[in-house]
Amino acid sequence: MQDIIRQLHELNAVSSLLDVPEKERSAYISTLTGYLNHFINQIDEAISFHECAEHSTALRIDQEKKSLEQLLTLYQSEVMEKGIIASSGGHLGYIPGGGIFTAGLADLLAAVTNPYAGVFFASPGAVDIENEVLNWLKKIFSFPQTAAGNLASGGSVSTLIALTAARDKYEIKNEFITKGVVYLSEQVHHSTQKALRIIGLGDVVIRYVPLDEKHRMKAADLKELIVKDKAAGLKPFLIVASAGTTDTGAIDPLEEIASISKAHDLWFHVDAAYGGFFILTSKKDFFKGIEQADSLIVDPHKGMFLPYGLGAVLIKDRNAALYSNQYSANYMHDAIDEEMLYSPANVSPELTKHFRGLRLWLPLQLHGIEPFIACLEEKLLLCTYFREKLVQRGFKVGPVPDLSVSYFWYPFKEDTDEKNKQLMKAIHADGRVFLSSSVIDQRFVIRIAILAFRTKLSTIDRALQMIDDSLEKIIREEGN
Ligand SMILES: *Cc1c(COP(=O)(O)O)cnc(C)c1O
């Protein structure tokens, strides 16, 4: 006994180092605050993209302990000065990220207090916050409060959850897999095809519905395809529409698609990962019909400017959502029955998870919704401004987008694709603002995706200056 007690004292002397005393905690927070303040204060002047393809050798975990100051210096040079600075307003590539400060505070709070947000029994309060955030989302999209929902890591996992529910409700298994038909747009985000593959539906028939000149699904063609497939003895069961495509910012005709899906008894899923929160803006009417979806996904880490790691899925048919995810295990008998309906773990492949709801709940309570809406309206206007300025400079631009993503190219006299690729390279080498490229209608184009909360008029002017300089460089080389 004495020996055990002696050993425990010895171990405690070392293990208690993990529970940092108050003085040290305050010092850490103060050091971190200093770093973060500096980071945010300089972010508008710093470049948004550092081209870098090398692996870092400085990040190795070795036996040598380091101070927080040393580690932040390392973090700055090895992480924050490589690649895309996603929290910068100059991130206009892919779909930009966010990173509002108050969501970071919520994450710190959630991490240090660490409530278990997977199961109602374990932390009724944390789960109530998760569900309150979901209820708030249901209101925004006019979903019934009885709908199931989950806060996942992002749009991809949310899609996985939604499409699994559709699969199970329509019993697409065994011999039905090769007869099942899914209707998509060519512009659908690749996470949809990926989710289908992951959930064992790699062999379903996929029909790409023709698009109109604004890259929106043609509802009449969709209907025709479904009728034909049914007549051929196939089993159409799922339509995936987008409320804001990644490449073109297009919103499919949701209302028409909703009535087609009803008439033919299909599951109607809407991918609103990028565009969903624009329903809070002057673009509201574009979203008519979204309330009729069977499921939808939306990414608060995009349209609510949160740090990466928060997507949401809403599913009207609770039972379909529970069917594929609910659990029961012997060591969890304290946590079943009534709580089944409320626990996040029943609507997700995850059991233990980060308490994600707090990072949306806390900023919403602190700021109110108005700054978020103003920020979204601002992005729409900035996109219009950017496009007009590009046209004035002789660039070609894609069709007027429904939201804040568009694209452009320069009409070089010859080798247009090749030269625009060079232009893209020059822009990346410059890095003041980050843009990405795509291929749309077989043409190489440069995209502009405006959704970062720090993107302002001055950012777009900076982007234009950078584009001017880069174009000049290509034209000069062309002359040589
Ligand atoms: C970003 C995005 C996704 C994927 O979401 P993640 O959060 O990256 O997993 C799906 N669909 C659309 C339209 C998106 O923009």
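The model is a predicted one, and side-chain atom pairs are counted in it only at pLDDT 80 or more. The ligand sits in the second largest pocket, and helix 6 (155-169) and helix 10 (300-303) are the elements that give two or more residues to the shell around the ligand. That shell holds 14 residues, of which Gly155, Ser156, Asp271, Asp299 and Lys302 come nearest to the ligand.

| Residue | Atom of the residue | Atom of the ligand | Distance |
|---|---|---|---|
| Gly155 | polar backbone atom | oxygen | 2.7 Å |
| Asp271 | N or O atom in the side chain | nitrogen | 2.6 Å |
| Lys302 | polar side-chain atom | oxygen | 2.9 Å |

Taken alone, the ligand exposes 380 Å², and the protein buries 86% of that area.

Strand 7 (residues 267-272) and strand 8 run parallel and are joined by four bridges. On strand 8 (residues 295-298), Ser295 and Ile297 point one way while Leu296 and Val298 point the other way. In a regular strand the side chains alternate between the two faces of the sheet. Which of these four residues of strand 8 are buried? All of them are: Ser295, Leu296, Ile297 and Val298. Strand 8 is also paired with strand 9 (residues 311-315), here in the antiparallel sense and over four bridges.

A separate description is needed for an open sheet of four strands, which has the order 10-11-13-12 with antiparallel pairing. Strand 10 (396-397) and strand 12 stand at the edges, and because each has a single partner strand, one side of each is left without a neighbour in the sheet. Strand 13 (residues 443-449) is mostly covered, with six of its seven residues buried.

Strand 11 (residues 405-409) pairs with strand 13 in the antiparallel sense over four bridges. Within this pairing, Ser406 stands opposite Ile448 of strand 13, and Phe408 stands opposite Ile446 of strand 13. The pairing of strand 12 (residues 436-440) with strand 13 is likewise antiparallel and comprises five bridges, and Ser436 has Arg447 of strand 13 as its bridge partner. Strand 12 and strand 13 form a hairpin with two residues between the strands, where Asp441 takes a positive phi near 50 degrees.

**Residues in loops and helices**

Positive phi values are also found in two loops. Asn114, although not a glycine, has a positive phi of about 50 degrees, and this residue lies in the loop between helix 4 (101-113) and helix 5 (124-140). Is Asn114 buried or exposed? Its relative accessibility is 58%, and Asn114 therefore counts as exposed. Asp415 is not a glycine either and has a positive phi of about 45 degrees; its place is in the loop between strand 11 and helix 14 (416-430).

Arg356 is found in another loop, the one between helix 11 (318-325) and helix 12 (358-367). Because its relative accessibility is 7%, Arg356 counts as buried, and a polar atom of the Arg356 side chain lies 2.9 Å from the backbone oxygen of Leu151.

Pro371, by contrast, belongs to a helix, lying in helix 13 (residues 370-392). With a relative accessible area of 43%, Pro371 is partly exposed, since that category covers values between the 20% limit for buried and the 50% limit for exposed residues. Pro371 and Phe49 are 322 residues apart in sequence, and their C-alpha atoms are 27 Å apart in space.

How values were computed: Residues numbered from 1 in each chain as written. Predicted model: local features only at pLDDT ≥ 70, side-chain atom pairs only at ≥ 80, totals over all residues. Heavy atoms only, no water. Buried < 20%, exposed > 50% of the residue type's maximum accessible area, 1.4 Å probe, protein only. Pairing = 2+ DSSP bridges. Near = heavy atom within 4 Å. Polar contact = N/O pair within 3.5 Å; in protein donor to acceptor, adjacent residues only side chain to side chain. Areas by Shrake-Rupley, 256 points an atom, 1.4 Å probe, with all protein chains shown as cover. 1 Å grid on protein atoms, 1.4 Å probe; cavity = no way out; pocket = protein on both sides within 12 Å on 5 of 7 lines; lining within 4 Å. Sits in = over half its atoms within 2 Å of the grid points.
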